[in-house]
Amino acid sequence: MHRLLMLSSAYQMSSEVTPAQLEADPENRLFSRFSRRRLTIEEMRDGLLAIDRTIDWTMGGTLQSGTGTDSENDSKRLSLNPEAILRRSVYLPLRRANLPTLLNLFDFGDATAMSGKRQLTNIATQALFWMNSGFVTERTANLGRVLLEASALPDDDSRVRAAYWQILNRPPSPEEVSQALDYLRRFPAGQGTAAGRLASWQSLCRILLASNEFLHLD
């Protein structure tokens, strides 16, 4: 059944819409196109770890150290911090009464009740996460170092193109390359030191990761 669904024309459609589709099916009730959606927090988190190449692909096992119902408030039975672990989100043990802040921030489902669909919010603290989170800072620093140290990327032009492929899975347009290079040149930290150069690339990577193009599935 899964194979049948995933190989269907409806499942593989893009969210791009033609004038004819929009006229015939304005509300997409006939599934003439894919309905664009924001990534779930699990997809965002795993995507960040995969992009900077630090994700732990180990399969199976458990990260939970406490068992049973004794000592309900024991620190061993609290939900683990998803920002401090490199395993895929599917392996994160959760305590229903103690959900991590990161999951709640991006509309994780109510773990105390059954629900067929998660509520979707768009709030300022979600944008602030991409600007100030230590988790995102670590990911962008790692990716910046990868771009700067790769021998196959001899200049900034090639690094910009690699960053777009790595984060957005597409090549940048000539205008986007020009804008990125201009941003790197104008970055306040400057290009005089290795730390300043890394900071500029880290900032550029953060911009791409915070873009709607990364956060939404088309």
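**Overall architecture**

The model is a predicted one. The protein contains 10 helices and two strands. Read from the N terminus, these elements follow the order α-α-β-α-α-α-α-α-α-α-α-β. The C-alpha trace extends over about 55 × 55 × 35 Å along its principal axes.

Of the 218 residues in the protein, 36% are buried. The exposed surface comes to about 13800 Å², and carbon and sulfur atoms supply 56% of this area.

Helix α9 covers residues 194–209.

Leaving aside residues up to four places away in sequence, W201 touches G144, L147, L148, D156, R159, V160 and L184. The C-alpha atoms of W201 and L143 are separated by 8.5 Å, although the two residues are 58 residues apart along the chain.

**Charged side chains and salt bridges**

The protein carries 25 positive and 25 negative side chains, and the centres of these two sets are 3 Å apart. The count of salt bridges is 14.

| Salt bridge | Closest N and O atoms |
|---|---|
| R38 and D107 | 2.6 Å |
| D156 and R197 | 2.7 Å |
| R170 and E176 | 2.8 Å |

The salt bridge between R38 and D107 has its closest N and O atoms 2.6 Å apart. R38 belongs to strand β1 (residues 37–38) and D107 to the loop between α4 (101–105) and α5, so this pair ties together parts that are 69 residues apart in sequence. Both R38 and D107 are buried.

D156 and R197 also form a salt bridge. This pair links distant parts of the chain, with D156 in helix α7 and R197 in helix α9, 41 residues apart. D156 has a relative accessible area of 22% and is therefore partly exposed. R197 is likewise partly exposed, with a relative accessible area of 22%. D156 is also among the residues that W201 touches.

In the salt bridge between R170 and E176, R170 is partly exposed, with a relative accessible area of 22%. Elsewhere, salt bridges that share partners join D52, E138 and R139 into one network.

**Residues in loops**

Three loop residues complete the description. S15 is placed in the loop between α1 (2–6) and α2 (19–24). Its relative accessibility is 17%, and because buried means under 20% relative accessible area, S15 counts as buried. Apart from residues up to four places away in sequence, S15 touches R33, F34, R36 and D218.

Phi of N28 is near 60 degrees, a positive value in a residue other than glycine. N28 sits in the loop between α2 and β1 and is buried, with a relative accessible area of 9%. Phi of N169 is also near 60 degrees, again a positive value in a residue other than glycine. N169 occurs in the loop between α7 and α8. With a relative accessible area of 61%, N169 is exposed, whereas N28 is buried.

Note on methods
Residues are numbered from 1 along each chain as its sequence is written. This is a predicted model: local features need pLDDT of at least 70, side-chain atom pairs count only at pLDDT 80 or more; totals for chains, interfaces and linings use all residues. Side-chain values use heavy atoms; hydrogens and water are left out. Helices (H or I, at least four residues) and strands (E, at least two) are DSSP runs, numbered from the N terminus. The expected span of a helix is 1.5 Å times one less than its number of residues. Buried means under 20% relative accessible area, exposed over 50%, partly exposed in between (1.4 Å probe, protein chains only). Accessible areas come from the Shrake-Rupley method with a 1.4 Å probe; for residues, only the protein chains shown count as cover. Lys and Arg count as positive and Asp and Glu as negative; His and the chain ends are not counted. The place of a charge is taken as NZ of Lys, CZ of Arg, CG of Asp or CD of Glu. A salt bridge is a side-chain nitrogen of Lys or Arg within 4 Å of a carboxyl oxygen of Asp or Glu. Contact means heavy atoms within 4.5 Å.
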